[in-house]
Amino acid sequence: MSPLTGTGKLIRLILRRDRWLMPAWMVWVALIPVSFVSSYRDLYPTAADRLKYAATSGTNPTFLAMYGPLPDTSLGGIVAQRVGIIPVAVGLVALLTVIRHTRTDEQAGRREMLAATVVGRHAGLAAALIVTMTANLLVALLVGLGLSNDLPAGGAFAIGLGFAAAGCAFAAIGGVAAQLTENAGSARGIAIGALGGFFLIRLAADTGGSDNALSWLSWLSPLGWVTRLSPFAHDRFWVLALAAAFTAVAVWAAFALSARRDIGLGILPARLGPAEASPGLRTPLALAWRLHRGLLLGWLIAFVVLGGIFGGIAEGVGDLMKDNDTLRDMFARIGGQKGLIDTYLASVMGTVGLVASAYAIQAALRLRAEEEVLRAEYLLATSVSRTKWVVSHLVFSALGPVAALAVAGLTAGLVHGANTGDIGHQVPRVLGGAMIQLPAVWVLSGLTLALFGLLPRIAVAAWGALALFFMLGQFGEALQLDQSLLDLSPFTHVPRTPGGDVSVTPLAWLLAIALALTAAGLAGVRRRDVGAA
Amino acid sequence: MSDAISITGLVKKFGPTTALNGLGLSVRTGEVHGFLGPNGAGKTTTIRVLLGILRADAGQVRLLGGDPWRDATELHRRLAYVPGDVNLWPSLSGGEVIDLLGRLRGGIKPARKAELLERFQLNPKKKTRTYSKGNRQKVALVAALASDVELLLLDEPTSGLDPLMEETFRESIAEERRAGRTVLLSSHILSEVEALCDRVSIVREGRTVESGTLAEMRHLTRTTIDAELKHPPSGLAELPGLHDLKIEGTRVRCEVDTDSLDETLRRLTGAGVRNLVSQPPTLEELFLRHYATDGGEVRANGAEVVR
């Protein structure tokens, strides 16, 4: 039996398992660039408009950091810049897909089951890599075909192949990471860490504008190679050879590592923990801290980044509007340049509030997860009361968003203040705009707990509520929905600040609703059966 | 002596299904009590009611002199529980889980913990996500046995252990009994209950069908006798309490009710015994008969019952 025996069967298994997810993702990725073409054509119809874009937003350091350089002042060039973050997402999905079909299966013991049948030792890895890379090449084809309707075919396929290059390179990195650790979570951490590192290298290379002292750095990152393809300007297809070589080396390394280890084990030894609990680990809250701290830290880092990006873009918002007379006139009526930035800040802090709600829901749903795997039962069989157990997790759902909004508001205020040379004035204003979201966030904490206490089986419906509030906030006014419908979302009632008037009444109402929901949830938990059903 | 656990007429329904249908159970303080029944008989549900995890629909339940639902937290300081399906927090080490659970109960005895870790050959430094089912079960067992409590509630605690560790488990339970602790041991492994328990309750379909000491139950079962005699025996066939009698010349095989044992042996020795093998009644037989007698035949899951 060769090490690759059974690869074909495993490919079919993966295609069966991912038959909905994978096509949906591919189509979505392929549609974004196409939709950008029409929207940027409307936004910058003439060559003069596009030159203005190139002189302002196209060279704004924050935009350059996020999206990479503007290769060309044609419509295609603008699209090529604005899809610049997509290779990161494509790489992320590729590495997650490979790890899910290799290490996750192995950790769950599914690979052991397969290894007992006629399947070679490398077949699983080979199947995961083949499926992921093929999917990425198909995405390249779809993007290329979709864009070449309106744009030159060379650049169109350069954009598509850039996506595929990132996807294949990070699929291979995922394959390597999957060999290293016993635990799928750690493998994901290593691979995502590599993605983050390569993104930062690209960011450092591009943020100083074209031909700055650090530009050479982008040759060190697969994500940098994607920008060096320079679609519509140079169409340097030879850069793809670098990506292909990198991918080949990483794939070779993954197979070499796979050959050296036993099924179920990793190359790196599993980390050991302490033989005894620290003296502090004696309360449900201490246990909850151990369970939540990693997730909370991850979210806080994300909030710092989010705040930094939103704060960094704030001043550039004015520049963006300079390109477009209609938009500028519209915002001028609201309050001129300063009013424009304030409106922007208040609106992005609303977004930050929605994201903080996602954390609040996730932290509260930990209760349901603990119940479903019977760990709650085990803990409640000790002297821990139901109330104490619920509160130990609720603390994170309630106070995690406080920390998250604080760091996001603080970072955004500091960055925006530094850009405008007015830190002392901006920090409290932006921070206030972030913190004022809290009562609305707490409504979602309370809603999740109420569902958990009263209707535990559909506790995950809290996510549905968040999705609804998000849609109402983003598209409600554009769709001209009735105000009573918009009022369903707690975020509709949060006063807009900085720049708007802050009234206490809606905040007090939101707070009261959050408290009532929490109390109902707690009462429900104290009364009902605990268990998986 | 008072009862550590006393349950009468316990009813628990989950929607349309009735899990417990008038179950009764009494566990005396200081005894090791076997709680026997096939899967789905209601053992785990009963234990969950005792832990105040589930709320009883009807019946009286007393645990250590208190109400398991109302007084849950105070009662839980005095007991330790080993679930049948042990799930632990993946990011904690085994040692951390043992200490944490002990502290959340009545406290942990460090010397006893060290001894048990050694005896069960458990590495407490490993993260619980890397443990096998058997090792997770050992973590729960060590945590329970090293805790300073009066009552142990063990739900099929050896289902993931290998035979060597089962033996270790039996030794540990024997020690607990000597230390005067009360143990409720739910199991469908009959030899385990036979080896460990003072008294046994057998449950089936949410009801207790039998309860008592092993000696009390043996009158319900039969001893198997296989004898080689000098002369062909006489007068055996008309003895009451003798079953499945087979006489082949001087060889006799039969099953004897405990009450008729004395008279049977008298008749056998009358014919001169060359060789005799007698097998004591096992709980397996007793159990099988319980599932056989009601419906006349062994139920479909009989094979699983006796394992």
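At what angle do α16(A) and helix α21 (residues 504-527) of chain A pack, and how far apart are their axes? The legends below take up this question and then turn to other parts of the structure, which is a predicted model.

**View 1. Helices α16 and α21 of chain A pack against each other.**
In this predicted model, α16(A) and α21(A) pack at an angle of about 135 degrees, and their axes are 9 Å apart. The two helices α16(A) and α21(A) are therefore oblique to each other, and their crossing is right-handed. On the side of α16(A) the contact is made by A:Arg386, A:Thr387 and A:Val390, while α21(A) contributes A:Leu522, A:Val525 and A:Arg526. Sorted by class, the residues in the contact of α16(A) with α21(A) are three nonpolar, one polar and two charged.

**View 2. Helices α16 and α18 of chain A form another packed pair.**
Helix α16, which covers residues 386-420 of chain A, also packs with helix α18, residues 438-454 of chain A, at an angle of about 160 degrees and with the axes 10 Å apart. Because angles over 145 degrees count as roughly antiparallel, α16(A) is roughly antiparallel to α18(A). As α16(A) passes α18(A), the crossing is right-handed. The residues of α16(A) that take part are A:Leu394, A:Ser397, A:Ala398, A:Pro401, A:Val402 and A:Leu405, and they meet A:Leu438, A:Val441, A:Trp442, A:Ser445, A:Thr448 and A:Leu449 in α18(A). The contact of α16(A) with α18(A) holds nine nonpolar and three polar residues, and no charged residues.

**View 3. A:Val143 is a buried residue of helix α8 in chain A.**
A:Val143 is found in helix α8, which runs over residues 123-147 of chain A. With 28 other C-beta atoms within 10 Å, A:Val143 is buried. Setting aside residues up to four places away in sequence, A:Val143 touches A:Ala30, A:Pro33, A:Ile159, A:Gly160 and A:Phe163. A:Val143 and A:Met26 are 117 residues apart in sequence, and their C-alpha atoms are 9.6 Å apart in space.

**View 4. A:Thr104 is a partly exposed residue of helix α6 in chain A.**
The place of A:Thr104 is in helix α6, residues 86-107 of chain A, and with 19 other C-beta atoms within 10 Å this residue is partly exposed. Once its neighbours within four places in sequence are left aside, A:Thr104 is in contact with A:Ile99 and A:Ala184. A separation of 20 Å lies between the C-alpha atoms of A:Thr104 and A:Val90, which are 14 residues apart along the chain.

**View 5. B:Pro232 lies in a loop of chain B.**
The loop that holds B:Pro232 is the one between β10 (222-229) and β11 (242-248) of chain B. B:Pro232 has 13 other C-beta atoms within 10 Å and is partly exposed. Apart from its neighbours within four places in sequence, B:Pro232 is in contact with B:Ile247, B:Gly249, B:Thr250 and B:Ala271. From C-alpha to C-alpha, B:Pro232 and B:Gly272 are 9.2 Å apart in space, although 40 residues apart in sequence.

**View 6. Chain B touches chain A.**
The contact between the chains takes 30 residues from chain B and 29 residues from chain A. On the side of chain B that touches chain A, the elements that give two or more residues are α2 (72-76) and α3 (94-104) of chain B, and α3(B) gives the most, with seven residues. The residues of this side of chain B divide into twelve nonpolar, seven polar and eleven charged. For the model, ipTM is 0.83 and pTM is 0.76.

**View 7. Chain B is shown as a whole, with its confidence scores.**
The secondary structure of chain B comes to eleven helices and 13 strands, and its C-alpha trace spans about 70 × 45 × 40 Å along the principal axes. Chain B has 307 residues, of which 43% count as buried. Among contacts in chain B with a separation of 6 or more, 68% are accounted for by residues 24 or more positions apart. The pLDDT of chain B averages 87, and 91% of the residues score at least 70. Over residues 293-307 of chain B, however, pLDDT stays under 50, and for this stretch the model has 18 contacts beyond four places in sequence.

Conventions. Residues numbered from 1 in each chain as written. Chains lettered and ligands numbered in written order. Predicted model: local features only at pLDDT ≥ 70, side-chain atom pairs only at ≥ 80, totals over all residues. Axes fitted to C-alpha atoms, helices over the stretch in contact; angles between N-to-C directions. Helix = DSSP H or I, 4+ residues; strand = E, 2+ residues; numbered from the N terminus. Parallel < 35°, antiparallel > 145°, perpendicular 65-115°, else oblique. Left-handed = near helix turned anticlockwise from the far one by under 90°. Contact = placed C-beta atoms within 7 Å. Nonpolar A, V, L, I, M, F, W, Y, C, P; charged D, E, K, R; others polar. pLDDT = per-residue confidence, 0-100. Buried ≥ 20, exposed ≤ 12 C-beta atoms within 10 Å, placed from the backbone.
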